[in-house]
Amino acid sequence: MKNIIIHVDMDAFYASVEIRDNPALKGRPLIIGSMPNERGVVATCSYEARKYGVHSGMNIKEAYRQCPDGIYMRPNFDKYKRVSAQLHDIWKTYASASEYIALDEAYLDVKERAKDWNGARKIARFIKQRTKEEAGLSCSVGLAYSKTAAKTASEEKKPDGYFEILDAEAFRELLADRDVRSLYTVGPKTAEKLNAYGIHTVLDIRNNRERVEKLFGKKGIWIADLAMGIDDRDVIPYRSEDAKSISRELTFQEDVSDFVFLKEVLFLLSLSVENRAKRVGFQWKGVSIKITYSDMKSVSRSKSPVDCGTAIEIYNEAVRLLEQVPKMTVRLVGVGIYNLSRDEYRQLTFDDLMGDLSKRHEEEMREVLEALGNHYGLDFAGNLDKLQHMETLHKTVEYMRKHIKKSDTRT
Ligand SMILES: [Mg+2]
């Protein structure tokens, strides 16, 4: 047995914290997020609100249409962070490694402590019990042989649930007839593509392995493995020494002297850096760029503190830094962020949810992407996830570089 993994997931976390602290909210449809007269989305909602069809990520106006009598509250992230720290302190005592993937969610490697499945069941019970007694909140716990299976298991009996999936066979059996989306890596776009080929269930993926691999390449292999119940990933504990910097750089096949083009590349690199940071849950306080000239001499420029924000802010800072370096032909360009700190609640922060600022940044980003796309005849906006792969990014940038000459109309 390779792994014994527990996935803990708090039930309707923000809403449950608010209800705990104000019993008058109990039994009411409670929606945490933007106010109905603002732009924004539902961060989370109580199970009573879910009965009206409200769910996290739903546009707040739509939520209001579904549930006009609900109680609408803004999130109090400082409070949720405090509760989260308390929860993590409880959970980690049972694990040799713990990986926090959100304020209210963690993978725990319990193999060492548990020794066997029975030991792990006891730990699951303790975790549920102590979470309730010490924090006054309920959680759902999944026990399994892999991360994917543990996450699937914790969803299975929500709220206040417990479920176990002890081997790949049990995982396959459980998911066989379910929609492809029930595999956590399969998002709406991937699902749509799979459906177009008549692949609707997890079993269909298993029966069409070759096609799935052909359609999605490396990701296809991963999806097909998951459908088989294969997932050997370890629980990755957070260690502060990992948190130095995140950077992305590209070497051009031919040297580049067009600084407008360099800015465009900085933009794409900033997107990639931000995506990586979000994925691993880091915030940053510094932005840096690195330039290597044709004579192999390198310069770097950095700025700290900066506001931790979005890709567009990394980009804007990077452009300011680019203006400080000599303008000569360039071989390599890189963007980085540093002074990182772990942000265990990053998934949906206040700004992501409803900040006008982040809305503006999003619009700004879309505009830059569209302008870029129009200029090069490429669909950047529709292929953002693909651009996260350095290989694709590199190919794209090389394509752009070869088309620089048409660039006289750019600003
Ligand atoms: Mg949760």
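Author: Buried means under 20% relative accessible area, exposed over 50%, and partly exposed in between (1.4 Å probe, protein chains only). The model is predicted: local features need pLDDT of at least 70 and side-chain atom pairs pLDDT 80 or more, while totals for chains, interfaces and linings use all residues. Residues are numbered from 1 along each chain as its sequence is written, and side-chain values use heavy atoms, without hydrogens or water.

Reader: Are Met-10 and Asp-104 buried or exposed?

Author: Met-10 has a relative accessible area of 3%. For Asp-104 the figure is 15%. Both Met-10 and Asp-104 therefore fall under 20%, the limit for buried.

Reader: What share of the residues in the chain count as buried?

Author: The chain has 17 helices and 14 strands, and its C-alpha atoms fill a box of roughly 65 × 50 × 45 Å along the principal axes. Of the 411 residues, the share that counts as buried is 48%.

Reader: Which residues does Thr-190 touch, leaving out those up to four places away in sequence?

Author: Thr-190 sits in helix α9 (residues 188–196), and its 7% relative accessibility makes it buried. A contact means heavy atoms within 4.5 Å. With sequence neighbours up to four places away set aside, Thr-190 touches Phe-216, Lys-219 and Ile-223.

Reader: How far apart in space are Glu-38 and Ile-60, C-alpha to C-alpha?

Author: Glu-38 lies in the loop between β2 (30–33) and β3 (42–45), where it is partly exposed at 23% relative accessibility. Beyond four places in sequence, Glu-38 touches Ile-60, Lys-61 and Arg-74. Glu-38 and Ile-60 are 22 residues apart in sequence, and their C-alpha to C-alpha distance is 7.8 Å.

Reader: I like checking prolines. What is omega for the cis peptide bond that joins Ser-304 and Pro-305?

Author: Pro-305 is in the loop between β12 (298–303) and α14 (311–322). Another cis bond runs from Lys-158 to Pro-159, with omega near -10 degrees, and Pro-159 is in the loop between α7 (147–156) and β8 (162–165). For Ser-304 and Pro-305, omega is about 0 degrees.

Reader: Asn-339 is not a glycine; what is its positive phi?

Author: Asn-339 is in the loop between β13 (330–338) and β14 (341–342), and at 40% relative accessibility it is partly exposed. Asp-160, also not a glycine, has a positive phi of about 55 degrees; this residue is in the loop between α7 and β8 and is partly exposed at 37%. For Asn-339, phi is about 55 degrees.

Note on methods:
Helices (H or I, at least four residues) and strands (E, at least two) are DSSP runs, numbered from the N terminus.
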